Amino acid sequence: MSIEKLQNMSTEQLLDLFELTTDINDVNISTVRGWLMDEIERRFPEKFDAWLDSDECEDENLRKFIYK
């Protein structure tokens with residue numbers, strides 16, 4: 001996966017991938033999750049920050065903040 005591919009994905013696709021990575025135990029998954037979060041944050045900086053700052057900062061809640 002490349003950063004360019006991530007930039008061409010829909011928001012729905014990014015959030016789906018992010019949620020899929022929640023339970024993956026792989027040495028490289030933190031890098032992939034970082035790329036996903038960077039792209040989501042680039043598109044929705046205020047909503048991403050609100051999610052990070054909330055008491056609901058679990059992976060499954062990011063979608064709720066993006067689509068508020």
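**Figure 1. The largest nonpolar core of the predicted model has 11 residues.** The members of this core are Leu6, Leu14, Leu15, Phe18, Leu36, Ile40, Phe48, Trp51, Leu62, Phe65 and Ile66. At least two residues of the core come from each of helix H2 (11–20), H3, helix H4 (45–53) and helix H5 (62–66). In soluble globular proteins, nonpolar side chains tend to be buried together. Phe48 is one of the core residues. Leaving aside residues up to four places away in sequence, Phe48 touches Met37, Ile40, Glu41, Leu62 and Ile66.

**Figure 2. The chain as a whole has five helices and zero strands.** Along the sequence the pattern reads α-α-α-α-α. The radius of gyration is 11 Å, close to the 11 Å that the globule rule gives for 68 residues, so the chain is as compact as a globular protein of that length. Taken along the principal axes, the box filled by the C-alpha atoms is roughly 30 × 25 × 15 Å. Of the 68 residues, 29% are buried. The chain exposes about 4500 Å², and carbon and sulfur atoms supply 51% of this area. Among contacts between residues at least 6 apart in sequence, 50% join residues at least 24 apart.

**Figure 3. The buried residues of H2 are Thr11, Leu14, Leu15 and Phe18.** These residues lie on the same side of H2, because they cover an arc of only 95° around the axis. An α-helix has 3.6 residues a turn, so residues three or four places apart point the same way. The buried residues of H2 pack against helix H1 (3–8), H3, H4 and H5.

**Figure 4. Leu17 is another residue of helix H2.** With a relative accessible area of 23%, Leu17 is partly exposed, since buried means under 20%. Leu17 and Val32 are 15 residues apart along the chain. Their C-alpha atoms are separated by 9.5 Å.

**Figure 5. Glu39 is a buried residue in helix H3 (residues 29–43).** Its relative accessibility is 4%, so Glu39 counts as buried. The side chains of Glu39 and Arg43 are joined by a polar contact of 2.8 Å. Not counting residues up to four places away in sequence, Glu39 touches Leu6, Gln7 and Leu14.

**Figure 6. Glu46 is an exposed residue in helix H4.** Glu46 has a relative accessibility of 60%, which is over the 50% needed to count as exposed. Glu46 and Ile66 are 20 residues apart in sequence. From C-alpha to C-alpha, the distance between Glu46 and Ile66 is 9.2 Å.

**Figure 7. Glu58 is found in the loop between H4 and H5.** Its relative accessible area is 38%, so Glu58 is partly exposed. Along the chain, Glu58 and Glu19 are 39 residues apart. The C-alpha atoms of Glu58 and Glu19 are separated by 10.0 Å.

Notes. Residues are numbered from 1 along each chain as its sequence is written. This is a predicted model: local features need pLDDT of at least 70, side-chain atom pairs count only at pLDDT 80 or more; totals for chains, interfaces and linings use all residues. Side-chain values use heavy atoms; hydrogens and water are left out. Helices (H or I, at least four residues) and strands (E, at least two) are DSSP runs, numbered from the N terminus. Buried means under 20% relative accessible area, exposed over 50%, partly exposed in between (1.4 Å probe, protein chains only). A polar contact is a pair of N or O atoms within 3.5 Å; within protein, one must be able to donate a hydrogen and the other to accept it, and residues adjacent in sequence count only if both atoms are side-chain atoms. Contact means heavy atoms within 4.5 Å. A nonpolar core is a set of buried Ala, Val, Leu, Ile, Met, Phe, Trp, Tyr and Cys residues joined through side-chain atoms within 4.5 Å. The radius of gyration is taken over C-alpha atoms; the globule rule is 2.2 Å times the number of residues to the power 0.38. Accessible areas come from the Shrake-Rupley method with a 1.4 Å probe; for residues, only the protein chains shown count as cover. The arc is that of the directions from the helix axis to the C-beta atoms.
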